[in-house]
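Please read the following note beside the sequence and the three-dimensional view. It is written for a student who is new to reading protein structures.

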Amino acid sequence: MPEVVITCDWTMMSNHHGKEFLGFGTTSPAYVFPESVYQRLFFPRMPVDPNGFPQQAPYGMRKVEASLLDAGFDARIVHPSHLDRYMPGQAKVLLVSGHDYFGLNPPSSTFQGLIRKDPLNCVNFKRMLSQPHVLKAREQGMKLIAGGPCAWQLAPATQMKVPWIGEFVASIGGIDCVVEGEADQYVREVVRKALNDEFLPPHIVLTPKEAPKVEQISTIRYPSVNGLIEIGRGCCRGCSFCSVTTRPTRWYPLEKIEAELKVNEQIGIRKGLLHSDDVYFYGSPNVMPREDKLLPLLALAKRHYEQVGWSHVAVASLMTKPKLLSKCAEVLLDEKQSWWGVEVGVETGSPRLITAAMPGKVAPFKASQWPELVVQAAGLMNDNHVYPACTFIVGLPQETEDDVLKTIDLIDDLWDFKAILVPMFFVPLGHLKTKDWFRRDRVSKAQQELLKRALTHGLRQSKGLLEDFFDWEGAHTSAYRATFRGFIGFLEAVARINGLWSEPNGPVGRIQDPLLTPERLPIPTIPVRE
Ligand code: SF4
């Protein structure tokens, strides 16, 4: 029985109905409906074994678990509803992870800023650490260590800057150590110190130079949520707002990838995501895709999974070798799979902003070609049955009103693009981490219009996407499809009633009232945390 317990909150310990994209639903607040409705829709409960060990767990946590097991520690991932089996008493160290502990990252911060209510991920993270048995174990000396992509949200500097986070941390007896960066190796040292009651630095930031080499990264021992497995880390495009770009690019060999595919396959997982910051680049040392590397990777994945998706791809990568995408489709699409999803960072429609904030994103093309590249990539993707989620950033420090108008023009050009457009408020990360957060009270009229246009596009397209999205077999499929269709219809009604429905060629800044004020929405007014 583990003396080192690893966990996360309930919104992350879920397979989101086998649809990773539905996990985005946990970044919104419980709006109008009670939280239980959102739990059914977006984060159904993960099955556990008699020890409270989850059948699948988030991939990053599986990596930490594997590293500790490889080093001989008695460590396991435990479902947040079963922590009471191990604490107080047995567990000496609790490691927590998360994508967005307090809803400060995009898109949670966007929803939180608009609806003025804590998002579900934040509510559940606080609830998880406030369980009586966790607090009791803390009183008895159990060490608490935080990591994961959003570790910065628990760093001492954030606690000082955002007082309510500091108050929450104090209420759970503090955090012994916060680790930022790729801690595959370093986590062993931190846990060893915690178990031996040695001094733990309150905040450790691992630099890109300390990033582990491929051979130092453990292979997962137990299955990951939705069969997600990593194929590499890092990105060389250098966008100023992104923390990934500071890390060196590393690709895993096929043998390492196959070992993890088999771990998932063993429990019957037959659908999975290949994860890297640009799957199209697999095996490439620069920004030119390598067909000789990518196609064998996809063929390998298809030997183990019936359906294979991609986590991310860049517009410029696709357009560098557009014909390669149809070859990928030939490998991936068959009688078991009719489409695949991916996240694409579009971020802006403005060539000027591309030059100012993300010049590498367009390489090897010119910034002036960006809007046209995006439109062509959209056609290319849909022609090959790729239905992406495209992110846009609102409120970059370098952004001007004209940049926003150009992004609206681009959204209009993408009106029939079968995709979900996801606008996100700027959050200071990467090279811009010293800048201010973009806040709701700074949303200009043009930015309002951009948000409304993206919302309208998303609601319009999501009705069609539902049919492809809910392709699983099973008795509940029609019920879930009908439920989601009803939910989309409800959101459309709210959008229309509140003047948030916006079709192309409408006047920018037409609505004079602030966007989504609490007075106009049928939800209780929640005190704003500034
Ligand atoms: S292309 Fe994507 S992953 Fe790479 S630096 Fe830019 S935002 Fe980050």
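This is a predicted model: local features need pLDDT of at least 70, side-chain atom pairs count only at pLDDT 80 or more; totals for chains, interfaces and linings use all residues.

1. The largest nonpolar core has 131 residues. Among the residues with the most contacts inside this core are Val 93, Ile 145 and Val 179, together with Val 315 and Phe 392. Domain 1 (4-210) and domain 2 (228-488) each contribute residues to the core, so it lies between them.

2. Val 315 may be examined individually. Leaving aside residues up to four places away in sequence, Val 315 touches Val 344, Val 346, Leu 373, Val 374 and Ala 377.

3. Strand β5 comprises residues 177-180, and both of its faces are covered. Cys 177 and Val 179 are buried on one side, while Val 178 and Glu 180 are buried on the other.

4. What are the neighbours of β5? Strand β4 (residues 143-146) runs parallel to β5 and is joined to it by two bridges; here Ala 146 has Val 178 as its bridge partner. Strand β6 (residues 203-205) is also parallel to β5, with three bridges between them, and His 203 of β6 stands opposite Val 178.

5. Strand β10 (residues 271-275) is joined to β11 by four bridges, and Leu 274 has Trp 310 of β11 as its bridge partner.

Methods:
Residues are numbered from 1 along each chain as its sequence is written. A nonpolar core is a set of buried Ala, Val, Leu, Ile, Met, Phe, Trp, Tyr and Cys residues joined through C-beta atoms within 7 Å. A residue is buried if 20 or more other C-beta atoms lie within 10 Å of its own, exposed if 12 or fewer, and partly exposed in between; C-beta atoms are placed from the backbone. Domain bounds come from an automatic or database domain assignment. Two residues are in contact if their C-beta atoms, placed from the backbone, lie within 7 Å. Two strands pair if DSSP finds at least two bridges between them.
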